[in-house]
Amino acid sequence: LPTAPDGATPVRVLTIAGSDSGGGAGIQADMRSFALMGVHACVAVTAVTVQNSTGVSGYQAIDPPIVADQIRAVVTDIGIGAAKTGMLASSAIINAVVSTCADLGIGGDGDIPLVVDPVCASMHGDPLLAADALDDLRAALIPRATIVTPNLDEVRLITGIDVVDEKTQRAAARALLDLGARWALVKGGHLRSSDRSPDLLLGAGGSGETELEIDHERIDTGHDHGAGDTLAAALTAALAHGYSVPDALRFAKGWVTRCLIAAYPLGAGHGPVNPLW
Ligand code: PLP
């Protein structure tokens, strides 16, 4: 991505997400990537997780009006080129984020692209979204998404579709477009049976569907904590630079692949992807 000259205001983005005390996922993953991509990251904290390399043992959600006020404060002063949502924890936070984004022209028909990473659980299966919030995720948040980026577990929770091959992957992407997202990315990285990591992007354009398949050899690492956040962060930065969604995905896939190659062990569990390659 192009970077601003020294002393000039860089492109700005906003991440609306949870904190990972282990420093691997969530806001910390986003900020590590954003800093290295040369974009300024504003942050609306949604929850504070108690987390290390072995999992998430608890979290405290932030009051929804405080989440909304963080978004409003930065967008009306600093201004942003794109925004991203990650862990939203509850229905009340989803609804506060959606109505604030609607007011400020973020996502939907607004001018500011919105990347929705529909975070539901950690890789260890620890819940990061209340079970009763799925309806609002489907009915309120996904319709605002410029692009929604679920992994296969999230696809199953949101659409009920078990992705096992290309056909079910396409059906899942279509189901996400039917929920109202402009673009749907169904990531194949969790198709563990495959030695590839095929991602399918489907767009609901005015003149019919646009499809892009991005395939990469699976990066065989036990350390992929924060990979989903990092991909969504790279998408957000590229969209803030004015890239089209398919071009933003090409950039983001390259970014996360290099972060996976450089991932490192940390603690007794899973280490994080590493944007410091
Ligand atoms: N913690 C927070 C705050 C997150 O936002 C996420 C994912 O987005 C995770 C943990 C889970 O990351 P992973 O699935 O890579 O363990």
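# Briefing: a predicted protein–ligand model

The ligand has 19 residues around it, and G18, A25, G26, M87 and M123 come nearest. Here a residue is near a molecule if its C-beta atom, placed from the backbone, lies within 6 Å of it. This is a predicted model: local features need pLDDT of at least 70, side-chain atom pairs count only at pLDDT 80 or more, and totals for chains, interfaces and linings use all residues. Residues are numbered from 1 along each chain as its sequence is written.

**Ligand shell**
- β1 (12-20), β2 (40-52) and α7 (227-240) each give at least two residues to the shell.
- The shell has eight nonpolar, nine polar and two charged residues.
- Ala, Val, Leu, Ile, Met, Phe, Trp, Tyr, Cys and Pro count as nonpolar; Asp, Glu, Lys and Arg as charged; the others, Gly among them, as polar.

**Fold**
- The protein chain has eight helices and nine strands (DSSP runs numbered from the N terminus: helices are H or I, at least four residues; strands are E, at least two).
- The chain is as compact as a globular protein of 277 residues, because its radius of gyration is 17 Å, close to the 19 Å from the globule rule (taken over C-alpha atoms; the rule is 2.2 Å times the number of residues to the power 0.38).
- Its C-alpha atoms fill a box of roughly 50 × 45 × 45 Å along the principal axes.

**Confidence**
- Mean pLDDT, the predictor's confidence in each residue from 0 to 100, is 95 for the protein chain, and 98% of its residues reach 70 or more.
- The model scores ipTM 0.94 and pTM 0.97.
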